[in-house]
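Please walk through this protein with the sequence and the 3D view side by side. The paragraphs below go from the surface to the strands and then to a few side-chain contacts.

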Amino acid sequence: MNATTIYTKDIKNNNVVYSTTDKLYLGYGVSGDGYITVGTNSSDNDDQKLNNGFRVDKEYWGSGGIFWIRAPSLYMFESWVSLMALPGHSVSADSVNFDHALVPLLN
């Protein structure tokens, strides 16, 4: 497995300040999209570049049920909301009080 550097935006401060390099990580997505991205993305403060990894369309998300992704929700004042992927449908927001899977990715 190769280490992969990924970046995540701080929605509250509107800046890309978080990065991590690891062998396992979560996919990235934008609410309403029918795909998630995996692999290295860009540290530019641009939402399109944060979502520019390898594109995985909703048909390939499997059938195991809902899983969390690492992109923060746009609901920055509701800390109990995060983004998840609903296989076969789209990226959406949900309460972190629900039990959804974590799907680790690797290169």
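Leucine 24 is found in the loop between β2, residues 15–22, and β3, residues 35–38. The model is a predicted one. With a relative accessibility of 44%, leucine 24 counts as partly exposed, because that class covers values between the buried limit of 20% and the exposed limit of 50%. Together with Met1 and Leu106, Leu24 makes a nonpolar surface patch of about 310 Å².

Strand β1, residues 4–10, runs antiparallel to β2, and seven bridges join the two. One example of facing residues is threonine 8, whose bridge partner in β2 is tyrosine 18. The hairpin of β1 and β2 has four residues between the strands. In this hairpin, asparagine 14 takes a positive phi near 55°.

β3 pairs with strand β4, residues 54–57, in the antiparallel sense over four bridges. Within this pairing, valine 38 stands opposite phenylalanine 54 of β4.

Arginine 55 is a residue to look at next. Its charged end sits over the ring of tyrosine 35, at 3.8 Å from the ring centre. The side chain of arginine 55 also meets that of aspartate 57 in a salt bridge, with 3.0 Å from N to O. How many salt bridges does the structure hold? It holds one. Aspartate 57 has a relative accessible area of 29%, so it is partly exposed.

Now turn to another sheet. It is open, has four strands in the order β7-β6-β5-β8, and its pairing is mixed. The edge strands are β7, residues 90–95, and β8, residues 101–102, each of which pairs on one side only. Strand β5, residues 67–68, pairs with β8 in the parallel sense over two bridges. Here tryptophan 68 stands opposite leucine 102 in β8.

The loop between β5 and β6, residues 81–86, contains proline 72. At 25% relative accessibility, proline 72 counts as partly exposed.

The last stop is a contact between rings. How many aromatic pairs does a search of the whole structure find? The search finds one. It is formed by tryptophan 61 and phenylalanine 67, whose ring centres are 6.2 Å apart and whose planes stand at 80°, so the pair is edge-to-face. The angle decides the name, because planes over 60 degrees apart count as edge-to-face. Why do both residues of the pair count as buried? Tryptophan 61 has a relative accessible area of 9%, and phenylalanine 67 has a relative accessibility of 7%. Buried means under 20%, so each value falls in that class.

Note on methods:
Residues numbered from 1 in each chain as written. Predicted model: local features only at pLDDT ≥ 70, side-chain atom pairs only at ≥ 80, totals over all residues. Heavy atoms only, no water. Phe/Tyr/Trp six-rings, centres within 6.5 Å; stacked < 30°, edge-to-face > 60°. Buried < 20%, exposed > 50% of the residue type's maximum accessible area, 1.4 Å probe, protein only. Lys NZ or Arg CZ within 6 Å of the ring centre and 35° of its normal. Patch = residues over 30% accessible without salt bridge, like charges linked within 9 Å, V, L, I, M, F, W, Y side chains within 5 Å. Areas by Shrake-Rupley, 256 points an atom, 1.4 Å probe, with all protein chains shown as cover. Salt bridge = Lys/Arg side-chain N within 4 Å of Asp/Glu carboxyl O. Pairing = 2+ DSSP bridges.
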